[in-house]
Amino acid sequence: MTLKVDEAEQNSWAVLRISGELDLVTSPVVRQSVHEAVAEGQHDVVLDLSDVFFCDSSGVGVLIASRRLMKSCGGRLRLILPARGAEDGSHVNKVLGALGVRRLFDVYPDALSATDEECRPLSA
């Protein structure tokens with residue numbers, strides 16, 4: 001399976017919808033997509049991981065590096081996991097939790113809440 005990244009804009013946020021496997025081979029695509037969004041002047045980025053069915057440590061590394069990049073340019077990074085993700089677990093949520101890095105990210109159930117300044121993230 002390959003990885004696909006679709007970009008959209010919602011409420012001044014760049015929303016990158018990622019689908020497929022996020023691993024050693026495909027994670028550079030996500031890294032490049034985030035860098036391109038920043039290069040285009042976007043400082044608020046949402047990574048929609050709803051359709052990611054596999055994530056290894058390389059994928060987690062890209063998420064952490066993306067968070068670091070957004071913070072360094074005064075931006076924000078938010079993740080979307082399936083609505084049930086924070087409670088009973090999507091694959092990505094389970095991996096983030098197992099590695100102890102889930103708390104580093106603001107996670108939302110969908111793009112509408114992730115791009116709404118009034119919505120609060122799901123608890124870790």
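**Close-up views of a predicted model**

**View 1. Arg-76 and its two salt-bridge partners.** Arg-76 is partly exposed, its relative accessibility being 32%. The model shown here, as in every view below, is a predicted one. One is Glu-117, which meets the side chain of Arg-76 in a salt bridge with an N to O distance of 2.9 Å. Arg-76 belongs to strand S4 and Glu-117 to the segment after H5, so this pair ties together parts that are 41 residues apart in sequence. Glu-117 is partly exposed, with a relative accessible area of 41%. The other partner is Asp-44, and here the closest N and O atoms of the salt bridge are 3.0 Å apart. Strand S4 (residues 76-80) holds Arg-76 and strand S3 holds Asp-44, so the bridge ties together parts 32 residues apart in sequence. Asp-44 counts as buried, at 17% relative accessibility, because buried means under 20% relative accessible area.

View 2. In general, side chains of opposite charge can pair when their charged atoms come close. The count of salt bridges in this model comes to six.

View 3. The side chains of Arg-17 and Asp-48 form a salt bridge, with 2.8 Å from N to O. Arg-17 is in strand S2 and Asp-48 is in strand S3 (residues 44-55), so the pair ties together parts that are 31 residues apart in sequence. Are these two residues buried or exposed? Arg-17 is partly exposed, with a relative accessible area of 36%. Asp-48, in contrast, is buried, with a relative accessible area of 5%.

**View 4. Ile-18 and its surroundings.** Ile-18 sits in strand S2 (residues 13-22). Its relative accessibility is 1%, so Ile-18 counts as buried. Which residues does Ile-18 touch, not counting residues up to four places away in sequence? Among them are Leu-3, Lys-4 and Val-5. Ile-18 also touches Val-30, Leu-47, Asp-48, Leu-49, Asp-51 and Val-52. Leu-3 is 15 residues away from Ile-18 along the chain, and the C-alpha atoms of the two are separated by 7.1 Å.

**View 5. Val-34 in helix H1.** Val-34 lies in helix H1 (residues 27-39). With a relative accessibility of 1%, Val-34 counts as buried. Apart from its neighbours within four places in sequence, Val-34 is in contact with Leu-16, Leu-47, Ser-66, Leu-69 and Met-70. Ala-65 is 31 residues from Val-34 in sequence, and the C-alpha to C-alpha distance between them is 9.8 Å.

**View 6. Ser-113 in helix H5.** Helix H5 (residues 111-114) contains Ser-113. Ser-113 has a relative accessible area of 11%, so it is buried. Its contacts, with neighbours within four places in sequence left aside, are Arg-78, Tyr-108 and Cys-119.

**View 7. The loop between S1 and S2.** Asn-11 is in the loop between S1 and S2, and Ser-12 has its place in the loop between S1 and S2 too. Asn-11 is not a glycine, although it has a positive phi of about 50°. Ser-12 likewise is not a glycine, yet has a positive phi of about 70°. Asn-11 counts as exposed at 51% relative accessibility, because exposed means over 50%. Ser-12 counts as partly exposed at 47% relative accessibility.

Notes
Residues numbered from 1 in each chain as written. Predicted model: local features only at pLDDT ≥ 70, side-chain atom pairs only at ≥ 80, totals over all residues. Heavy atoms only, no water. Helix = DSSP H or I, 4+ residues; strand = E, 2+ residues; numbered from the N terminus. Buried < 20%, exposed > 50% of the residue type's maximum accessible area, 1.4 Å probe, protein only. Contact = heavy atoms within 4.5 Å. Salt bridge = Lys/Arg side-chain N within 4 Å of Asp/Glu carboxyl O.
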